[in-house]
Amino acid sequence: MKKVIISARSLCKSFAHNGGQVHIIQNADIEIYEGDFTVIMGASGSGKSTMLYALSGMDRATSGEVLINGENITEMSERKLAYLRHTEFGFVFQQIHLVSNLSLFENVAVPGYLNKVLSVSEVNKRADELMEKVGISAIKNQLPSQCSGGEQQRCAIARALINSPSLVFADEPTGALNRRNTTEVLDLLTLSNREGQSILMVTHDLRAALRASRILYLEDGKIIGELPLPPYSEESEKSRETQVNSWLTSMQW
Ligand SMILES: Nc1ncnc2c1ncn2[C@@H]1O[C@H](COP(=O)(O)OP(=O)(O)OP(=O)(O)O)[C@@H](O)[C@H]1O
Ligand SMILES: [Mg+2]
(Lines give C-alpha, C1' and ligand atoms only; values in the text may rest on other atoms or scores of the structure.)
(Ligands and ions follow the chains in the order given, each with its own letter.)
Protein backbone atom coordinates (compact mmCIF):
# COMPACT_ATOMS: atom_id res chain seq x y z
CA MET A 1 0.00 0.00 0.00
CA LYS A 2 1.24 3.48 -0.83
CA LYS A 3 2.33 5.76 1.97
CA VAL A 4 0.31 8.95 2.48
CA ILE A 5 2.54 12.07 2.54
CA ILE A 6 -0.16 14.68 2.99
CA SER A 7 -3.76 14.33 3.92
CA ALA A 8 -6.41 16.95 4.49
CA ARG A 9 -9.68 16.46 6.32
CA SER A 10 -12.64 18.86 6.05
CA LEU A 11 -10.25 21.48 4.69
CA CYS A 12 -11.78 24.93 4.35
CA LYS A 13 -10.24 28.16 3.16
CA SER A 14 -12.14 31.43 3.03
CA PHE A 15 -11.08 34.95 2.17
CA ALA A 16 -12.50 38.24 3.38
CA HIS A 17 -14.25 39.93 0.50
CA ASN A 18 -16.48 43.03 0.36
CA GLY A 19 -17.10 42.90 4.10
CA GLY A 20 -18.10 39.20 3.92
CA GLN A 21 -16.35 35.89 3.39
CA VAL A 22 -15.89 33.91 0.19
CA HIS A 23 -15.50 30.18 0.74
CA ILE A 24 -12.96 28.90 -1.77
CA ILE A 25 -12.11 25.45 -0.39
CA GLN A 26 -15.12 23.79 1.18
CA ASN A 27 -14.76 20.67 3.30
CA ALA A 28 -12.23 19.07 0.99
CA ASP A 29 -10.77 15.66 1.83
CA ILE A 30 -7.60 14.73 0.00
CA GLU A 31 -4.70 12.32 0.22
CA ILE A 32 -1.38 12.62 -1.60
CA TYR A 33 0.71 9.45 -1.88
CA GLU A 34 4.43 8.86 -1.94
CA GLY A 35 5.85 8.21 -5.39
CA ASP A 36 2.85 9.65 -7.23
CA PHE A 37 2.85 12.38 -9.81
CA THR A 38 -0.43 13.90 -8.67
CA VAL A 39 -2.03 16.59 -10.80
CA ILE A 40 -4.87 18.84 -9.71
CA MET A 41 -7.03 20.22 -12.52
CA GLY A 42 -10.13 22.35 -12.54
CA ALA A 43 -11.51 25.55 -14.03
CA SER A 44 -9.78 28.86 -13.46
CA GLY A 45 -10.81 30.17 -10.06
CA SER A 46 -11.84 26.73 -8.77
CA GLY A 47 -9.29 26.99 -5.95
CA LYS A 48 -6.35 24.93 -7.25
CA SER A 49 -3.62 27.32 -6.13
CA THR A 50 -5.43 27.97 -2.87
CA MET A 51 -5.52 24.21 -2.25
CA LEU A 52 -1.81 23.86 -3.04
CA TYR A 53 -0.90 26.70 -0.66
CA ALA A 54 -3.03 25.23 2.14
CA LEU A 55 -1.57 21.73 1.67
CA SER A 56 2.01 22.99 1.61
CA GLY A 57 1.65 25.21 4.65
CA MET A 58 2.44 28.30 2.60
CA ASP A 59 -0.92 29.57 3.73
CA ARG A 60 -3.05 28.63 6.74
CA ALA A 61 -6.32 26.77 6.29
CA THR A 62 -9.40 28.51 7.74
CA SER A 63 -10.50 25.23 9.33
CA GLY A 64 -9.96 21.52 9.03
CA GLU A 65 -6.76 19.49 9.33
CA VAL A 66 -3.71 19.13 7.13
CA LEU A 67 -1.46 16.25 8.17
CA ILE A 68 2.07 16.07 6.82
CA ASN A 69 3.76 12.81 7.67
CA GLY A 70 1.12 12.43 10.35
CA GLU A 71 1.69 15.87 11.94
CA ASN A 72 -1.10 18.44 11.94
CA ILE A 73 0.35 21.62 10.41
CA THR A 74 -2.72 23.70 11.17
CA GLU A 75 -1.61 23.68 14.81
CA MET A 76 2.09 24.12 14.15
CA SER A 77 4.06 27.24 15.10
CA GLU A 78 5.14 29.49 12.21
CA ARG A 79 8.76 28.66 12.92
CA LYS A 80 8.27 24.89 12.85
CA LEU A 81 6.14 25.16 9.72
CA ALA A 82 8.80 27.23 7.95
CA TYR A 83 11.40 24.60 8.88
CA LEU A 84 9.16 21.82 7.57
CA ARG A 85 8.64 23.69 4.28
CA HIS A 86 12.36 24.17 3.79
CA THR A 87 13.37 20.64 4.68
CA GLU A 88 10.52 18.54 3.31
CA PHE A 89 9.22 20.47 0.31
CA GLY A 90 10.41 21.94 -2.96
CA PHE A 91 8.45 24.59 -4.85
CA VAL A 92 8.19 25.47 -8.52
CA PHE A 93 5.95 28.34 -9.66
CA GLN A 94 4.71 29.82 -12.90
CA GLN A 95 6.48 33.10 -12.04
CA ILE A 96 9.86 31.55 -11.56
CA HIS A 97 11.12 33.62 -8.58
CA LEU A 98 14.88 33.08 -8.88
CA VAL A 99 17.02 35.49 -6.86
CA SER A 100 18.05 38.01 -9.50
CA ASN A 101 21.52 38.90 -8.17
CA LEU A 102 22.61 35.27 -7.66
CA SER A 103 23.98 33.06 -10.43
CA LEU A 104 22.01 29.98 -11.48
CA PHE A 105 24.43 27.84 -9.48
CA GLU A 106 23.98 29.97 -6.36
CA ASN A 107 20.20 29.89 -6.76
CA VAL A 108 20.33 26.09 -6.68
CA ALA A 109 22.93 25.75 -3.91
CA VAL A 110 21.84 28.40 -1.38
CA PRO A 111 18.78 26.48 -0.04
CA GLY A 112 21.17 23.55 0.42
CA TYR A 113 23.63 25.64 2.45
CA LEU A 114 20.75 27.02 4.56
CA ASN A 115 19.41 23.53 5.22
CA LYS A 116 22.73 22.51 6.85
CA VAL A 117 22.13 18.79 6.36
CA LEU A 118 24.96 18.42 3.84
CA SER A 119 28.38 20.08 4.05
CA VAL A 120 29.12 22.96 1.67
CA SER A 121 31.17 20.71 -0.59
CA GLU A 122 28.41 18.07 -0.62
CA VAL A 123 25.84 20.73 -1.51
CA ASN A 124 28.10 22.02 -4.30
CA LYS A 125 28.47 18.51 -5.68
CA ARG A 126 24.72 17.89 -5.58
CA ALA A 127 24.03 21.29 -7.17
CA ASP A 128 26.46 20.44 -9.97
CA GLU A 129 24.81 17.05 -10.51
CA LEU A 130 21.32 18.56 -10.59
CA MET A 131 22.39 21.31 -13.00
CA GLU A 132 23.90 18.68 -15.25
CA LYS A 133 20.66 16.72 -15.10
CA VAL A 134 18.48 19.70 -16.01
CA GLY A 135 20.95 20.72 -18.72
CA ILE A 136 22.15 24.11 -17.49
CA SER A 137 25.75 23.34 -16.42
CA ALA A 138 27.22 25.38 -19.26
CA ILE A 139 25.45 28.53 -18.08
CA LYS A 140 25.69 27.96 -14.35
CA ASN A 141 27.52 31.22 -13.66
CA GLN A 142 25.03 33.40 -15.50
CA LEU A 143 22.44 35.54 -13.77
CA PRO A 144 18.74 34.65 -14.29
CA SER A 145 18.25 37.78 -16.43
CA GLN A 146 20.82 36.37 -18.87
CA CYS A 147 18.83 33.15 -19.36
CA SER A 148 15.67 32.14 -21.20
CA GLY A 149 12.44 31.38 -19.35
CA GLY A 150 12.95 27.66 -19.95
CA GLU A 151 16.50 27.77 -18.57
CA GLN A 152 15.29 29.69 -15.53
CA GLN A 153 12.51 27.18 -14.90
CA ARG A 154 14.97 24.28 -15.21
CA CYS A 155 17.11 26.06 -12.62
CA ALA A 156 14.05 26.42 -10.37
CA ILE A 157 13.44 22.67 -10.65
CA ALA A 158 17.05 21.91 -9.69
CA ARG A 159 16.65 24.29 -6.74
CA ALA A 160 13.42 22.56 -5.70
CA LEU A 161 15.27 19.23 -5.65
CA ILE A 162 18.45 20.33 -3.82
CA ASN A 163 17.28 19.23 -0.36
CA SER A 164 15.84 15.90 -1.60
CA PRO A 165 12.31 16.95 -0.60
CA SER A 166 9.64 14.39 0.18
CA LEU A 167 7.29 16.35 -2.09
CA VAL A 168 7.70 18.90 -4.88
CA PHE A 169 4.78 21.33 -5.28
CA ALA A 170 4.41 22.89 -8.70
CA ASP A 171 1.83 25.57 -9.55
CA GLU A 172 1.47 25.93 -13.33
CA PRO A 173 5.22 25.34 -13.85
CA THR A 174 4.82 25.53 -17.63
CA GLY A 175 2.37 28.45 -17.62
CA ALA A 176 4.93 30.99 -18.80
CA LEU A 177 6.85 28.75 -21.21
CA ASN A 178 6.73 28.15 -24.96
CA ARG A 179 6.03 24.71 -26.37
CA ARG A 180 9.62 23.48 -26.54
CA ASN A 181 10.48 24.66 -23.05
CA THR A 182 7.24 23.17 -21.77
CA THR A 183 8.25 19.75 -23.09
CA GLU A 184 11.69 20.06 -21.52
CA VAL A 185 10.30 21.01 -18.13
CA LEU A 186 7.68 18.24 -18.24
CA ASP A 187 10.33 15.69 -19.26
CA LEU A 188 12.40 16.75 -16.25
CA LEU A 189 9.51 16.42 -13.83
CA THR A 190 8.62 13.04 -15.34
CA LEU A 191 12.22 11.85 -15.02
CA SER A 192 12.49 12.96 -11.43
CA ASN A 193 9.17 11.21 -10.64
CA ARG A 194 10.45 8.04 -12.32
CA GLU A 195 13.42 8.24 -9.97
CA GLY A 196 11.02 8.26 -7.02
CA GLN A 197 10.32 11.95 -6.47
CA SER A 198 6.73 12.61 -5.36
CA ILE A 199 5.15 15.57 -7.15
CA LEU A 200 1.95 17.55 -6.68
CA MET A 201 1.28 19.81 -9.64
CA VAL A 202 -1.56 22.20 -10.40
CA THR A 203 -2.15 22.89 -14.06
CA HIS A 204 -4.73 23.63 -16.69
CA ASP A 205 -2.44 22.49 -19.47
CA LEU A 206 -3.60 19.13 -20.83
CA ARG A 207 -0.07 18.26 -21.98
CA ALA A 208 1.20 18.75 -18.45
CA ALA A 209 -1.64 16.70 -16.99
CA LEU A 210 -0.74 13.76 -19.24
CA ARG A 211 2.39 13.22 -17.14
CA ALA A 212 0.34 12.41 -14.04
CA SER A 213 -0.03 9.05 -12.36
CA ARG A 214 -3.21 10.39 -10.75
CA ILE A 215 -5.39 13.36 -11.69
CA LEU A 216 -7.76 15.00 -9.21
CA TYR A 217 -10.49 17.31 -10.40
CA LEU A 218 -11.44 20.33 -8.31
CA GLU A 219 -14.76 22.11 -8.61
CA ASP A 220 -15.94 24.86 -6.28
CA GLY A 221 -13.29 23.93 -3.75
CA LYS A 222 -14.08 20.20 -3.62
CA ILE A 223 -12.43 17.19 -5.23
CA ILE A 224 -15.18 15.76 -7.42
CA GLY A 225 -13.28 13.22 -9.48
CA GLU A 226 -10.13 11.13 -9.62
CA LEU A 227 -8.39 9.39 -12.54
CA PRO A 228 -5.53 6.95 -11.86
CA LEU A 229 -3.14 6.44 -14.78
CA PRO A 230 -0.32 4.00 -15.57
CA PRO A 231 3.21 5.48 -15.67
CA TYR A 232 3.72 7.96 -18.53
CA SER A 233 5.66 7.01 -21.64
CA GLU A 234 6.02 8.95 -24.88
CA GLU A 235 4.57 6.05 -26.85
CA SER A 236 1.44 6.07 -24.71
CA GLU A 237 0.88 9.82 -25.06
CA LYS A 238 -1.76 9.66 -27.82
CA SER A 239 -3.96 7.04 -26.15
CA ARG A 240 -3.46 8.76 -22.83
CA GLU A 241 -4.57 12.04 -24.32
CA THR A 242 -7.80 10.43 -25.55
CA GLN A 243 -8.43 8.89 -22.14
CA VAL A 244 -7.70 12.06 -20.16
CA ASN A 245 -9.67 14.21 -22.60
CA SER A 246 -12.77 12.09 -22.33
CA TRP A 247 -12.48 11.98 -18.54
CA LEU A 248 -12.09 15.78 -18.42
CA THR A 249 -15.15 16.12 -20.64
CA SER A 250 -17.09 13.98 -18.18
CA MET A 251 -15.93 16.38 -15.45
CA GLN A 252 -17.30 19.23 -17.63
CA TRP A 253 -13.88 20.80 -17.95
N1 LIG B 1 -5.82 36.26 -1.03
C2 LIG B 1 -7.04 36.22 -1.59
N3 LIG B 1 -8.02 37.07 -1.20
C4 LIG B 1 -9.26 36.99 -1.74
N5 LIG B 1 -9.63 36.11 -2.69
C6 LIG B 1 -8.70 35.25 -3.11
C7 LIG B 1 -7.36 35.24 -2.59
N8 LIG B 1 -6.66 34.25 -3.22
C9 LIG B 1 -7.53 33.68 -4.08
N10 LIG B 1 -8.74 34.28 -4.01
C11 LIG B 1 -9.92 33.89 -4.81
O12 LIG B 1 -10.11 32.50 -4.69
C13 LIG B 1 -10.55 31.93 -5.90
C14 LIG B 1 -9.67 30.76 -6.26
O15 LIG B 1 -8.37 31.23 -6.54
P16 LIG B 1 -7.19 30.25 -6.98
O17 LIG B 1 -6.02 31.14 -7.25
O18 LIG B 1 -7.02 29.20 -5.97
O19 LIG B 1 -7.79 29.63 -8.31
P20 LIG B 1 -7.11 28.66 -9.37
O21 LIG B 1 -7.99 27.48 -9.50
O22 LIG B 1 -5.68 28.45 -9.01
O23 LIG B 1 -7.24 29.55 -10.69
P24 LIG B 1 -6.23 29.68 -11.94
O25 LIG B 1 -6.42 28.43 -12.75
O26 LIG B 1 -6.76 30.88 -12.66
O27 LIG B 1 -4.86 29.86 -11.41
C28 LIG B 1 -10.54 33.05 -6.92
O29 LIG B 1 -11.86 33.49 -7.12
C30 LIG B 1 -9.70 34.13 -6.28
O31 LIG B 1 -10.13 35.39 -6.67
MG1 LIG C 1 -3.87 29.08 -9.85
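Helices (H or I, at least four residues) and strands (E, at least two) are DSSP runs, numbered from the N terminus. A residue is near a molecule or strand if one of its heavy atoms lies within 4 Å of it.

The model is predicted: local features need pLDDT of at least 70, side-chain atom pairs count only at pLDDT 80 or more, and totals for chains, interfaces and linings use all residues. Residues are numbered from 1 along each chain as its sequence is written, chains are lettered from A and ligands numbered from 1 in the order in which they are written, and side-chain values use heavy atoms, with hydrogens and water left out.

**Stop 1: ligand 1**

Select ligand 1. Then show the residues around it: Phe 15, Ile 24, Ala 43, Ser 44, Gly 45, Ser 46, Gly 47, Lys 48, Ser 49, Thr 50 and His 204. By type, this shell divides into three nonpolar, seven polar and one charged. Here Ala, Val, Leu, Ile, Met, Phe, Trp, Tyr, Cys and Pro count as nonpolar, Asp, Glu, Lys and Arg as charged, and the others, Gly among them, as polar.

Now look for polar contacts (pairs of N or O atoms within 3.5 Å; within protein, one must be able to donate a hydrogen and the other to accept it, and residues adjacent in sequence count only if both atoms are side-chain atoms). Start at Lys 48. A polar atom of the Lys 48 side chain is 2.7 Å from an oxygen atom of ligand 1. Go on to Ser 46, where a polar backbone atom is 3.2 Å from an oxygen of the ligand. Finish at His 204: a polar side-chain atom there is 3.3 Å from a ligand oxygen. Taken alone, ligand 1 exposes 640 Å², and the protein buries 58% of that. Such areas come from the Shrake-Rupley method with a 1.4 Å probe; for residues, only the protein chains shown count as cover.

**Stop 2: helix H1**

Which helix gives the most to the shell around ligand 1? Select residues 48-56: this is H1, and it gives three residues. Next, colour by burial. Buried means under 20% relative accessible area, exposed over 50%, and partly exposed in between (1.4 Å probe, protein chains only). In H1, the buried residues are Lys 48, Thr 50, Met 51, Leu 52, Ala 54, Leu 55 and Ser 56. Because seven of its nine residues are buried, H1 is largely enclosed by the rest of the structure. Step just past the helix to Gly 57, which has a positive phi of about 75°.

**Stop 3: two residues with positive phi**

Most residues other than glycine have a negative phi. Select Asn 18, in the loop between strand S1 (4-17) and strand S2 (20-33). Asn 18 is not a glycine, yet its phi is positive, about 50°. Is Asn 18 buried or exposed? Asn 18 is exposed, with a relative accessible area of 74%.

Jump to Glu 172, in the loop between strand S7 (167-171) and helix H6 (179-194). Glu 172 also is not a glycine, and has a positive phi of about 45°. Glu 172 is buried, at 8% relative accessible area.

Stay in the loop between S7 and H6 and pick Thr 174. Thr 174 is buried too, at 5% relative accessibility. Contact means heavy atoms within 4.5 Å. Apart from neighbours within four places in sequence, Thr 174 is in contact with Thr 182, Val 185, Leu 186, Asp 205 and Ala 208.

**Stop 4: the cores**

A nonpolar core is a set of buried Ala, Val, Leu, Ile, Met, Phe, Trp, Tyr and Cys residues joined through side-chain atoms within 4.5 Å. The largest one has 47 residues; Val 39, Leu 104, Met 201, Ile 215 and Val 244 have the most contacts inside it. Helix H5 (residues 149-161) gives the most to this core, with six residues. A second, separate core has 29 residues, including Ile 40, Val 66, Leu 200 and Leu 218.

**Stop 5**

Select Val 92 in strand S6 (residues 89-93). Val 92 is buried, at 2% relative accessibility. Beyond four places in sequence, its contacts include Gln 153, Ala 156, Val 168 and Pro 173.

End in helix H5 at Gln 152. Gln 152 counts as buried, at 19% relative accessibility. A polar atom of its side chain lies 3.1 Å from the backbone oxygen of Cys 147.
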